[in-house]
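Subject: Structure handover

Hello,

Here is the structure for your files. My notes on what was found in it follow below.

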Amino acid sequence: MALTGLSSEADADITRVTEALAMITPRWNMRILLALREAPLRYSEVAAKVSWLHDGQLHPKLQALCEAGLVQRTEHSPRHVTYGITDRATALLPVLPLIVTWAETYLEKPDRPLSPIEQVEDSLTLLTRRHAAAILWVLKSREEASARFVSTQVLPGSDWTNIYPPLRQLVDDGLVETAGSGRPYRLSAAGDGLGSVLGALSAWSAGQPLTQAAHHPVWGRPTAGTGKRIWLSSPARTAPTTAPGRSAHSMPLSWQRGDLFSHATPSRPAPALPAGGPRR
């Protein structure tokens, strides 16, 4: 059953990305995966690495990550059980430096420096807004679009005015912009800059190498001279698939290794967006 008014291929892609975000965005999930990235650990060892979590909080999170296929529970004996990340989770880790690069480029600078994992958490919060993946997908596919058109693509069969709350949220977040009431919507520079992140998540969620992100029909680079799009035939904006002035190869080596867990003990009670959201 189609969830959007887009083609079946686009609908499946958006659904996969949305589901991938639902796996990794819940509070502390990424920190648990990073704690397990080097070697399988016993429960007590995992608990020591995420010591701010109470016992009653860690167990259900590990269970959910196991059900999602990101963590594997291995029972060596009744008294010896370990948890380790799966190949699927290992393939996800290279996406994190892309998220950090985007955050450093577009998020407002907070009063104190944020650790890379905090930047990842803040960015994921933006991407999991209601209907965010579908709205960003539609606006990336077009130069600009009216709220009514976005509604026909994202919320088919619904009162078209229902698109306004999620659109306004994305405007407030700085990912979408408009010239005013009744005017078309388009991606902001920050929203457009998410191409590399969403393309990588699309490739990962489809079980493809992350190098396939550059070939994504919407989030990847357009074919030079053709402007061809596979899933939605409409004028497309072209934008770099990495943040301005950055490439995957120019990231700090610690990020390329996925070494994001340093200083990851939270210094605040919960991840929160930096004041002001992304720079407009």
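The lining of the second largest pocket comprises eight nonpolar, five polar and three charged residues; here Ala, Val, Leu, Ile, Met, Phe, Trp, Tyr, Cys and Pro count as nonpolar, Asp, Glu, Lys and Arg as charged, and the others, Gly among them, as polar. The model is predicted, so local features need pLDDT of at least 70 and side-chain atom pairs count only at pLDDT 80 or more, while totals for chains, interfaces and linings use all residues. Residues are numbered from 1 along each chain as its sequence is written, and side-chain values use heavy atoms, with hydrogens and water left out.

That pocket has a volume of about 250 Å³. Of its 16 lining residues, Ile14, Thr18, His131, Ala133 and Ala134 lie nearest the centre. Helix 1 gives the most to this lining, five residues, and helix 8 is also among the helices that supply at least two.

On terms: the search runs on a 1 Å grid over the protein atoms alone; a cavity is a set of points where a 1.4 Å probe fits but cannot get out, a pocket is an open set with protein on both sides within 12 Å along at least five of seven lines, and lining residues have an atom within 4 Å of a point. Points are joined across faces, edges and corners, and a volume is the space filled by probe spheres set on them. Helices (H or I, at least four residues) are DSSP runs numbered from the N terminus.

There are two cavities of 30 Å³ or more. The second largest cavity holds about 40 Å³ and is lined by Asp13, Ile14, Val17, Ala133, Trp137, Leu198 and Trp219. Six of these residues are nonpolar, none is polar and one is charged.

Helix 12 (residues 195-205) is mostly covered, with 11 of its 11 residues buried (under 20% relative accessible area, 1.4 Å probe, protein chains only). Its cover includes helix 1, helix 5 (87-92), helix 6 (95-106), helix 7 (116-127), helix 8 and helix 11 (189-192), where contact means heavy atoms within 4.5 Å. Just after helix 12, Gly207 has a positive phi of about 75°.

Lastly, Arg31 sits in helix 2 (residues 29-35) and is buried, at 1% relative accessible area. Its side chain makes a polar contact with the side chain of Glu121 at 2.7 Å (a pair of N or O atoms within 3.5 Å, one able to donate a hydrogen and the other to accept it; residues adjacent in sequence count only if both atoms are side-chain atoms).

Regards

Definitions and conventions:
Buried means under 20% relative accessible area, exposed over 50%, partly exposed in between (1.4 Å probe, protein chains only).
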